[in-house]
Amino acid sequence: SLSSKDKDAVKALWGKIADKAEEIGADALGRMLAVYPQTKTYFSHWKDLSPGSAPVNKHGKTIMGGLVDAVASIDDLNAGLLALSELHAFTLRVDPANFKILSHCILVQLAVKFPKDFTPEVHLSYDKFFSAVARALAEKYR
Amino acid sequence: MVVWTDFERATIADIFSKLDYEAVGGATLARCLIVYPWTQRYFGNFGNLYNAAAIMGNPMIAKHGTTILHGLDRAVKNMDNIKATYAELSVLHSEKLHVDPDNFKLLSDCLTIVVAAQLGKAFSGEVQAAFQKFLSVVVSALGKQYH
């Protein structure tokens, strides 16, 4: 579970992330679609899945908005992400294995964007945070 | 047989030509031991792994990280024959070192992050896809001789 050290590390870097949230979200999502082509199956209704396209940018922004909520609810992720969990469980029905895939792509994007800040300890805290978010998102699945 | 596109071959060669094997190897192994602390089980006699600072300053870890990168170099130089190139290494990891093959993926994820930090924007989705394909072939080859 997230220690107070983890929460502090997440919040500390989040300030810098929030400034470029849309760009980071869009890049991470574009990266995921390129590296894990099977994830494209969830977006067959988009005209354009290429990096930098309008649907990818818009959806990257949406995802980062969700993560903003997660950081704000870091002390009770199940409660804070309840509505999003229901959305993913009943409407989107995204296989939870994909949460790990997207998390990895966001971590890579953070390394690209903040090479000096993304130390092994910060990486550890973010990996734990994203795992906790994924668990909360999967809460309502069954 | 693994089929590599020209882009993939060029990308892998290019990435590895830019890496300082000592720096990247040490940083990658240290990161793995910090982010996935259970991997420390294989390094019981490597001295002080007590905290992140100790791990990052540990010369035995740094040296072993270099060894690992040089091992990867063999795959870079034999991309059409990685399975055969790694047969002995696979036996070593299975029968002598007793490393759970799941750990290979953890280490390769850490290498991806270290390379991403070094290359920055140049580490695009396409480049990452090629790099991760290469690493997954390596990981598969290393696991081949486990029975």
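Start by selecting A:H88: its side chain reaches the backbone oxygen of A:L84 at 2.7 Å. You are looking at a predicted model, where local features need pLDDT of at least 70 and side-chain atom pairs count only at pLDDT 80 or more, while totals for chains, interfaces and linings use all residues. Residues are numbered from 1 along each chain as its sequence is written, chains are lettered from A in the order in which they are written, and side-chain values use heavy atoms, with hydrogens and water left out.

Stay with A:H88, which is found in helix α5 (residues 82–92) of chain A; helices here are DSSP runs (H or I, at least four residues), numbered from the N terminus. A:H88 is buried, with a relative accessible area of 15% (buried means under 20%, with a 1.4 Å probe and protein chains only).

Next, select A:W46. An unreviewed UniProt entry places the feature "binding site" at A:W46 and A:H88, though such annotations may be inferred rather than shown by experiment. A:W46 lies in the loop between α2 (21–35) and α3 (54–72) of chain A.

Now show both chains. Here, 21 residues of chain B are in contact with 17 residues of chain A (contact means heavy atoms within 4.5 Å). Highlight B:R31, B:V35 and B:I113, which supply 31% of the area that chain B buries against chain A, more than any other three residues; buried area is the accessible area (1.4 Å probe) that two parts lose on being put together, summed over both.

How values were computed. Helix = DSSP H or I, 4+ residues; strand = E, 2+ residues; numbered from the N terminus. Buried < 20%, exposed > 50% of the residue type's maximum accessible area, 1.4 Å probe, protein only. Polar contact = N/O pair within 3.5 Å; in protein donor to acceptor, adjacent residues only side chain to side chain.
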